[in-house]
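Subject: Structure for you to look through

Dear colleague,

I am handing over the structure we talked about, and below it I have set out what was found in it. Please keep the view open while you read, so that you can look up each residue as it comes up.

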Amino acid sequence: MIYLIFILGMLLDYVTKIWAIGTLKGQPDITVIEGFFDFSYLENRGAAFGIFQGRVYLLAFVTIIIMAVLFVMYQKTKKKTKLLTISTALIMTGAIGNLIDRLRYGFVVDFISWHWKNTYYFPTFNVADICITVGTGLLILYIIKEVE
C-alpha cells in the first residue's frame, strides 16, 4: 500500500505541475469557481507560506533531514498501523515532490489558489502540499488517538 500511495502521489504531483507550467505560466489565471477557486501559476522560492525565500539548498537540506528522521521513526515504531503507514507515505511523497522541484527548478511550482472574493487569499499550493498536509493530519490523529 505504501508503494501505491507513493507512486500515485508522485505521478499526480508531477503531471499537475507539468500541466501548470505548460498551461498557466505566463497566462491569466483559470477560474474554476468564481470568487473562490482558481488555478494560478506561482514559483514559490521559499517554504510554507513563502518563508525562507531564496534558500533553496537550506530548504533541500532540511527536507532531507526531516525525511530521514521520519523514515527512522517509522522503522523503529513497533505498532505500524495502516494509519501510520498511510500518513508516512503521504508526507514522504509530498516532501519528495517538492524537493524534486527545488533541485530541478530552484523553486516549487504552486498553482492551486483558494480565496474569498478579492478579500482573503490562502497561500497558493500544489498536490505535494496536499499530501504533506493530509499526511500530517493523519499522523497527528495516530499520535493522539492511536486509531487503526
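Of the 148 residues of the protein, 39% count as buried, and please keep in mind throughout that this is a predicted model. With that number of residues, a compact globule would have a radius of gyration near 15 Å, and the protein, at 16 Å, agrees with this. Taken along the principal axes, the C-alpha atoms fill a box of roughly 50 × 30 × 25 Å. If you take the contacts between residues at least 6 apart in sequence, 64% of them join residues at least 24 apart.

The protein has four helices and four strands, and when you read along the sequence they follow the pattern α-β-β-α-α-β-β-α.

Which residues touch the most other members of the largest nonpolar core? Among its 14 residues, they are A20, L24, Y41, V109, F111 and I112. At least two residues of this core are supplied by each of α1 (2–23), β2 (37–44), α3 (82–105), β3 (108–116) and α4 (127–145), and the largest share, three residues, comes from β3. To follow one member in detail, leave aside residues up to four places away in sequence, and you will see that A20 touches K25, Y41, V109 and F111. Apart from this core lies another, of twelve residues, including M67, L84, I91 and L139.

The aromatic rings deserve a separate look. A pair of aromatic rings is described by the distance of the centres and the angle of the planes. Within the pair, Y105 is partly exposed, at 29% relative accessibility, whereas F107, at 9%, counts as buried.

In the second example, the ring centres of F122 and F125 lie 6.1 Å apart with the planes at 85°, and so the pair is edge-to-face. Here F122 counts as partly exposed, with 36% relative accessibility, while F125 is buried, with a relative accessible area of 10%. Both rings also belong to a cluster, in which ring pairs link W19, F36, F37, F39, F111, W114, F122 and F125.

One further ring has a charged neighbour: K80 lies over the face of Y74, at 5.4 Å from the ring centre.

With best wishes

Note on methods. Residues are numbered from 1 along each chain as its sequence is written. This is a predicted model: local features need pLDDT of at least 70, side-chain atom pairs count only at pLDDT 80 or more; totals for chains, interfaces and linings use all residues. Side-chain values use heavy atoms; hydrogens and water are left out. Buried means under 20% relative accessible area, exposed over 50%, partly exposed in between (1.4 Å probe, protein chains only). Rings of Phe, Tyr and Trp (its six-membered ring) pair if their centres lie within 6.5 Å; planes under 30 degrees apart count as stacked, over 60 as edge-to-face and the rest as tilted. A charge sits over a ring if NZ of Lys or CZ of Arg is within 6 Å of the ring centre and within 35 degrees of the ring normal. A nonpolar core is a set of buried Ala, Val, Leu, Ile, Met, Phe, Trp, Tyr and Cys residues joined through side-chain atoms within 4.5 Å. Contact means heavy atoms within 4.5 Å. The radius of gyration is taken over C-alpha atoms; the globule rule is 2.2 Å times the number of residues to the power 0.38.
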